[in-house]
Amino acid sequence: MSIVQRMAPDTPLLQVDGLTKRYGARIGCADVSFDLWPGEVLGIVGESGSGKSTLLSCLAGHQPTDAGRIRFDGRDVLAMSETERRRLARTDWAYVHQNPRDGLRMGVSAGGNVGERLMAVGARNYGDIRGKALDWLGRVEIAADRIDDRPRAFSGGMQQRLQIARNLVTGPRLVFMDEPTGGLDVSVQARLLDLLRGLVRDLGLSVIIVTHDLAVVRLLADRLMVMKSGRVVEQGLTDQVLDDPQHAYTQLLVSSVLQV
């Protein structure tokens with residue numbers, strides 16, 4: 001059994017309280033608080049500059065915060081050592097970038113990209129690593145005979161699916177997604193969203209997804225948080241927020257008056 005006891009299912013997996021990030025006089029995000037439950041998908045939306053990407057970056061530890069608290073599985077993330085945070089990022093957490101080239105090693109084979117994540121958590125048997133890589137390539141609909149191909153030979157949609165396989169192979173409990181369907185054409189987006197929805201459901205993942213596309217959050221997110229000028233202006237169940245928005249800004253987003 002782990003030294004850190006797993007929390008009860010009725011306890012939030014992630015607890016965020018008063019998270020704030022400033023860039024000089026400019027606010028990146030301010031006083032953001034929410035709980036994320038096991039198996040829940042939280043969508044964060046807002047126009048460009050709303051603070052949603054800054055918030056995701058701070059949550060994932062990609063940049064420091066100025067104030068607030070982040071607790072994961074009862075542990076104070078901001079009080080962890082750098083070594084502990086890196087271990088967390090390799091095991092219980094995963095991050096899917098908008099541009100898959102930011103999340104893949106383009107000079108390493110598809111199988112190698114998946115295998116590297118396994119090796120980072122201690123896997124050493126080549127046969128087992130290759131077997132798990134093959135399994136995950138299949139799960140994200142990449143043919144087994146492409147295992148030794150480099151990602152640069154893949155289409156954008158295939159690269160994104162490979163990045164997802166690389167991130168999920170170690171069984172993370174929390175996945176951060178930054179515009180995972182951005183830059184893909186409509187048909188490829190639809191295929192990727194269907195794949196993501198199935199993986200989230202089958203694996204019981206907790207997910208925080210940032211997107212400009214309200215159709216994406218309607219399909220994937222249980223709950224929705226709307227940001228404007230670095231602050232949360234509305235949050236609630238996804239269908240409730242999108243079908244009956246209360247804040248004027250959310251109403252503009254839903255009616256597509258703002259370009260998001």
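Arg139 is placed over the face of Trp136, 4.4 Å from the ring centre. A charge is said to sit over a ring if NZ of Lys or CZ of Arg is within 6 Å of the ring centre and within 35 degrees of the ring normal. The model is predicted: local features need pLDDT of at least 70, side-chain atom pairs count only at pLDDT 80 or more, and totals for chains, interfaces and linings use all residues. Residues are numbered from 1 along each chain as its sequence is written, and side-chain values use heavy atoms, with hydrogens and water left out.

A pair of aromatic rings is described by the distance of the centres and the angle of the planes. There are three aromatic pairs in the structure. Rings of Phe, Tyr and Trp (its six-membered ring) pair if their centres lie within 6.5 Å; planes under 30 degrees apart count as stacked, over 60 as edge-to-face and the rest as tilted.

The ring centres of Phe72 and Trp93 are 5.6 Å apart and the planes stand at 85°, so this pair is edge-to-face. It links distant parts of the chain, with Phe72 in strand S4 (residues 67-72) and Trp93 in strand S6 (residues 93-96), 21 residues apart. Strands are DSSP runs (E, at least two residues), numbered from the N terminus. Phe72 counts as buried because its relative accessibility is 0%; buried means under 20% relative accessible area (1.4 Å probe, protein chains only). Trp93, at 5%, is also buried.

Tyr95 and Phe176 form a tilted pair, 6.3 Å centre to centre with 35° between the planes. Both residues, Tyr95 and Phe176, are buried. Ring pairs join Phe72, Trp93, Tyr95 and Phe176 into a cluster.

Technical notes. Helices (H or I, at least four residues) and strands (E, at least two) are DSSP runs, numbered from the N terminus. Buried means under 20% relative accessible area, exposed over 50%, partly exposed in between (1.4 Å probe, protein chains only).
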